[in-house]
Amino acid sequence: MGYYNQNDYPDYPEKRQRPRFFSTIALALISAIIGGLISVALVPTLYGNQAPVQKEVILGQGSSTPPVSITNPTGFPVVEVAKTVGPAVVGIANFQSRGSIFGGTGLSEAGTGSGFIIDANYGYIVTNYHVIADASRLLVSLADGRNVEATLVGQDPRTDLAVIKIAPENLTATQLGNSDQVQVGEPVVAIGNPGGEEFARSVTQGVVSAKNRILLIEGESSFNLIQTDAAINPGNSGGPLVNYNGQVIGINSAKNAEVGFEGMGFAIPITDAIPVIQQLIEKGYFSHPGLLVSIDTRYSPEWAVQKGWPAGAYVSNVDARGPAGQAGIQPGDIIVKINGVTVQTSLELTHELFKFKPGDTVTVTYYRNGKTTDVQAKLVEIRTS
C-alpha cells in the first residue's frame, strides 16, 4: 500500500479500490473518451518539463469572478451562478502515447475532465490527479473558445489532486469559499465537461446531501467528502462544486454508479484541499506523513474473521530506520488504531494518518500473537512527485 512508502505506490488509475459500503463505485470519473477528437497528426511534441517551481505563491491574485448578485428575487439563482463562474471553468484533454497498428507510437486522447482557474496572474488550474495521470500532453479548453497547452506544476495521487499551468492571458479565476461552513441541505451547483468538449461547462443543480463522507478509494480516502445530489457524470472530475454565492466549496471527484442508486456524487472540500494545492504550487509535491511501512491490501475484515484476528492494516514490510521500525513494529503485525481511533482497512489507516503532519508523534496500536501493544511513532515526510 503506497501511502506509507513512496517506493511502493502501485499504478494508481488501475488500483483504485472500491469502498466497502458500495458494491460498485465510479472511482475516478476519468471520463475516458477513447479514440480522441483530434488527429494524432496534429498533435505537437510531448511536453516533458514541469513548470518552474515558485518559492512562495499567494493564491487569488489577478481578476476573479465577482460575487453573485440576484437582482430579481423571483429570478433563477443558478442562472446567475452559471454566468458568473462559467468563465473560470475549463476542460482538460489528456493525450497519451499509444502504439500504432502501422508501427511506432503517437499521441491520442485518452480521456477528458474538468478543472477551474484558481489564480489568474499565474495561470494555475486545479483538477483531479486522475484527470491528468500519465499525460504526455495536456490541452486546456477555455470558455472563450481558446485551446491552450498546459504544463504540470504538481500532482499527488494520494489526495487525487493536481495543479497545471497555462499562459496567464485574459484569465478569470474562481472565488474560493469555506467548505467548513457548508450546511446539509444548502443548494449547490456543479459545473464541468461531462462527456468532453461537446458538453463543455454543463451546469447541474442540487443540494449538499451530507458532510464528512468517507470513500475507501485511493485518493479520496484522505478526505471527509461532501456528498451532493447535483448530477455528476464522467468528465465532471476536477470541476467545481459551487454555492449560490458563486464560491467554490468542493472539487467534484467521484460518484456512486451502482445500479439502483441516483444522485450520489462526492466532492473534495476546498478548505481541506487548499494546503495540498498550496504545496503543489510552491514545492511541486505534497508532504505526506508516513510510518514507512508497506501494507498488504489483501487483508480484509472478512479474511481477519477467518483467521480469528482483528480487522486492521496488515504490515507486510517495515523500513527498520523508519518510525514504525524504530517503534518495534514488525512484518505480520496488524495496525488496529491510530491515536485511539480504530482502523479496519489500509485505506482507513490512510484516512487517519492524513490528519497529521510530518514530525507529529502518534500512538500506534498493533496486534501481535494475541495481544495489542501501544507504541509512539514520530511521522516522517513522504514526498509525492
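What share of the contacts in the protein with a separation of 6 or more is accounted for by residues 24 or more positions apart? The share is 68%, where contact means heavy atoms within 4.5 Å.

## Basis of the model

This is a predicted model, in which local features need pLDDT of at least 70 and side-chain atom pairs count only at pLDDT 80 or more, while totals for chains, interfaces and linings use all residues. Residues are numbered from 1 along each chain as its sequence is written, and side-chain values use heavy atoms, with hydrogens and water left out.

## Overall make-up

The protein has seven helices and 21 strands, taken as DSSP runs numbered from the N terminus (helices H or I, at least four residues; strands E, at least two). Of its 385 residues, 53% count as buried, that is, under 20% relative accessible area, as against exposed at over 50% and partly exposed in between (1.4 Å probe, protein chains only).

## Nonpolar cores

A nonpolar core is a set of buried Ala, Val, Leu, Ile, Met, Phe, Trp, Tyr and Cys residues joined through side-chain atoms within 4.5 Å. The largest has 33 residues, of which Leu161, Val163, Phe223, Ile251, Ile268, Val276 and Ile277 touch the most other members. Among the elements that give two or more residues to this core are β6 (161-165), β12 (247-255) and α4 (270-283), and α4 gives the most, with six residues. Apart from this core lies another, of 21 residues, including Leu291 and Val362.

## Surroundings of Ser63

Ser63 is found in the loop between α1 (12-15) and α2 (77-85) and is partly exposed, with a relative accessible area of 39%. Leaving aside neighbours within four places in sequence, Ser63 is in contact with Ala120, Leu171, Thr172 and Ala173; the C-alpha atoms of Ser63 and Leu171 are separated by 7.3 Å, although these residues are 108 residues apart along the chain.
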